[in-house]
Amino acid sequence: MGNLHGTGRAVHVDEDTALSTAQIRDDAGDLVIQLTGRSMVVNRPAVFDADSFADASGLSRPTPEPWTDPAELTDRPGLDVVSGIAAGTVARGPLAGLLGLRLQTVEKGHVTAVVPPVEWMANSMGAVQGGVLVSVADAVAELAAQTLTAAGRQYRLLNLTLDYLRSPEAPGPDMLVEAKVTRAGRRLASIDTHLTAPDGAVLVRAHASVHMGSL
């Protein structure tokens, strides 16, 4: 356990677009994540002011949920574990609990879920903050990857790219999330994930590459 340290900088900014980069490192200075972002300048007015964010006493604070003891899951294939999360017999873990993520269907290489946009997820414009959307896409893509693993095997996310198409309101109706494995080899898998609104409008498209390895 330790701390993570992040730095970011704008590489290019003009009237319409911006390019930025960021790095996250651990206490030893080793690079954990490299990020690149392309943004468009928008003129949406803020719906929350600085005082609203400074006084967060009225916001509901979800409590992260514990993991199921890994020793209890070692002999179970990943599909069985993810099915257990959907059934509520296996803990969904801290991140999924924080997001309120609920699995709907689980098949080998295919997972669907819903996530409710709640007030703590909002940015100053009243939309779900981009980092939350990354976390949702990552969580469901990794669950799809886990359905491919045999007992005693594990996976590791190599990269994740996202296209932000629309900004869901927070609070707002449930986001629908679907992750499909589009290619699965002995060591690498490719996964496409979509976040959509209840009316079918696509909010986020994501693509992940996953290394399938051993524990």
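Let's start with salt bridges, where a side-chain nitrogen of Lys or Arg lies within 4 Å of a carboxyl oxygen of Asp or Glu. By this rule, the count in this structure is five. Keep in mind that the model is predicted: local features need pLDDT of at least 70, side-chain atom pairs count only at pLDDT 80 or more, and totals for chains, interfaces and linings use all residues. Residues are numbered from 1 along each chain as its sequence is written, and side-chain values use heavy atoms, with hydrogens and water left out.

Helices (H or I, at least four residues) and strands (E, at least two) are DSSP runs, numbered from the N terminus.

Arg 102 has a relative accessible area of 37%, so it is partly exposed. Asp 174, at 27%, counts as partly exposed too.

Another salt bridge joins the side chains of Arg 205 and Asp 163, at 3.7 Å from N to O. Here again distant parts of the chain are linked, with Arg 205 in strand 9 (residues 202-214) and Asp 163 in strand 6, 42 residues apart. Arg 205 is partly exposed at 39%, and Asp 163 is partly exposed at 38%. Lys 180 and Glu 178 form a salt bridge as well, with their closest N and O atoms 4.0 Å apart. Lys 180 has 41% relative accessibility and is partly exposed; Glu 178, with 31%, is also partly exposed.

Now let's turn to helix 2, which covers residues 78-87. Which of its residues are buried? They are Gly 78, Val 81, Val 82, Gly 84 and Ile 85. Seen down the axis of helix 2, these buried residues fall within an arc of 150° (taken from the directions from the helix axis to the C-beta atoms), so they line one face of the helix. Their cover includes strand 4, strand 5 (110-115) and helix 4 (130-146). After helix 2 comes Gly 88, which has a positive phi, near 85°.

Next, look at strand 2 (residues 17-25) and strand 3 (residues 31-40), which pair in the antiparallel sense over nine bridges. Two strands pair if DSSP finds at least two bridges between them. In this pairing, Ser 20 has Gly 37 of strand 3 as its bridge partner. The two strands form a hairpin with five residues between them, and Gly 29 in the turn has a positive phi of about 90°.

Finally, step back to the protein chain as a whole. Its secondary structure comes to four helices and nine strands, and from the N terminus on, the elements run β-β-β-α-α-α-β-β-α-β-β-β-β. Of its 215 residues, 31% count as buried. Contact means heavy atoms within 4.5 Å. Among contacts between residues at least 6 apart in sequence, 56% join residues at least 24 apart. The chain exposes about 12800 Å², with carbon and sulfur atoms supplying 52% of it; accessible areas come from the Shrake-Rupley method with a 1.4 Å probe, and for residues, only the protein chains shown count as cover.

Terms used
Buried means under 20% relative accessible area, exposed over 50%, partly exposed in between (1.4 Å probe, protein chains only).
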